Amino acid sequence: MELSKLLTGLNYVCVKGNEHQEVDHMIYDSRIKTNAGLFIAIEGFKTDGHQFIEAAIANGAKAILVQKDVEIKEDVTIIKVEDTRLAMALVANNAYGHPSKQFELVGVTGTNGKTSITFLLGQILEAYHKKIGIIGTIENRIGSQILKAERTTPESLDLQALFKKMVESQVETTLMEVSSHALALSRVAGSDFKVGIFTNLTQDHLDFHQTMENYAAAKAKLFTMCETGIVNKDSEYINEIIKGATCNLVTYAIDKDADYKATNVIITAAGVEYTLVCDQGTFKVDVPIPGKFTVYNTLAVIAAARALEIPMTHILATLKIAKGVPGRVQAFKSIKGYSVLVDYAHTPDGLENVLSTIKEFAQGHIITVFGCGGDRDKTKRPIMGKIAATYSDHVFITSDNPRTEDPLLILDEVEVGVKAITDNYVKVEDRKAAIEMALSEAKAEDVVLIAGKGHENYQILKDRIIHFDDSEIVNAYLQGEIE
């Protein structure tokens, strides 16, 4: 690949060397060996790639892309740009031949609902015999081939390489969760979105964004990058999301007037029913996944599927038999008559959504087991504690992924919110013990919610990562009841 062709569309200065030379690889990790690589120096939050330029050269790099002034004695080409993160995304897009132009790309952003929407929309498209790709929290997938997912939205070099694989595999539509980090850090820059979806915005990731205004501004970027934007009109941040939008906007809502509006909403333990009112007519929607959030998610899915020209009759028929995301409101039933729900809810809004849903159909007590992750937004801990206490009859405060923090201190910070509402709670650091204690307490008609980790099958501790799966623990306990 000729370096100058990779730099097409970038504003850059060739500080040293020859911009017409050939390069064989693009890398942002200096440890990767190349024969004539282009090393892109990324300024991170913990380390700065500019410090590893010499290591990259020692491993074969012949061209360096920087955003700082550097002194390099070796015979290499130095290209300087204003922002190497943005440049890396555009270079990757050039290198792989603008792959997202060759299929329909749907991006979903928002605090909650991204995974559920991609799963539901994926089921509709696959039932319509379209080959899909999925990029998200739980998995990256090309057709039936499952790939490992390390972050919600991959780094731009990895993302464009994955897009290229999808083109080679003849994927027709790719569904991607687009995180606020990815938008703020230009990971998806240069990608061509046919459809963008905004779900909602509630407190999360303030350790990174600092303010809700910054968080909203990051999400809003998607709607300058897509043809059609599908947005939740009920969100209190809707104006911030759409004020700079350059796309065709389509709205959905329950409470406000919108292009796709749900009325006559009925929520039960078995699922949701509602009447959909839109330009195409009035339709009955029936989905076997409980929760008000299911209404919002399916409104977005229906609008997106219509934007992709899927017939309404097919959409509604598929939703009627749709399956939910593993670890998202995953239900278990005890022979003693109580129910257990395992859910990924790890934000204030997510926890309130699932607990308010349970409140609507629970016949007995609500018992909640949850914790908050370490090295993440600390301000949400007492907020989530207060929410759990408000909706629950008994709360077990326990560990989530404590990471480098002291788990007992995290429990204490959650406790502040819980004890402001109730004294009917206990703190149990050992998550397995907390789950088993909650299950042992449950009686017929009770509902036990185990929140925070959902599909995750690991727990991140200070010095190691261990296997840990909430659903496995629940299954083993319930099996013991039978035996």
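Buried means under 20% relative accessible area, exposed means over 50%, and partly exposed lies in between (1.4 Å probe, protein chains only). The views below show a predicted model, in which local features need pLDDT of at least 70 and side-chain atom pairs count only at pLDDT 80 or more, while totals for chains, interfaces and linings use all residues. Residues are numbered from 1 along each chain as its sequence is written, and side-chain values use heavy atoms, with hydrogens and water left out.

**View 1. The whole protein chain.** Of its 483 residues, 56% count as buried. The chain has 16 helices and 24 strands; helices (H or I, at least four residues) and strands (E, at least two) are DSSP runs, numbered from the N terminus. The C-alpha trace spans about 75 × 55 × 40 Å along its principal axes.

**View 2. Leu-65 in strand S4.** Leu-65 is found in S4 (residues 61-66) and counts as buried because its relative accessibility is 0%. Ile-79 is 14 residues away in sequence, and the C-alpha atoms of Leu-65 and Ile-79 are 4.8 Å apart. Leaving aside neighbours within four places in sequence, Leu-65 is in contact with residues including Leu-7, Leu-38, Ile-40, Ile-79, Val-81 and Val-91. Contact means heavy atoms within 4.5 Å.

**View 3. Helices H12 and H13.** H12 (residues 348-361) and H13 (residues 380-391) pack at an angle of about 5°, with their axes 9 Å apart. Axes are lines fitted to C-alpha atoms, for helices over the stretch in contact, and angles run from 0 to 180 degrees between N-to-C directions. The two helices are therefore roughly parallel to each other, a term for angles under 35 degrees. Pro-348, Leu-351, Glu-352, Leu-355, Ser-356 and Lys-359 in H12 meet Lys-380, Ile-383, Met-384, Ile-387, Ala-388 and Tyr-391 in H13.

**View 4. Gln-170 in a loop.** Gln-170 lies in the loop between helix H5 (156-168) and strand S10 (173-177). Its phi is near 60°, a positive value in a residue other than glycine. With a relative accessible area of 65%, Gln-170 is exposed.

**View 5. Asp-375 in a loop.** The loop between strand S19 (366-370) and H13 holds Asp-375. Although Asp-375 is not a glycine, its phi is positive, at about 60°. Asp-375 counts as partly exposed, at 31% relative accessibility.

Terms used: Parallel < 35°, antiparallel > 145°, perpendicular 65-115°, else oblique.
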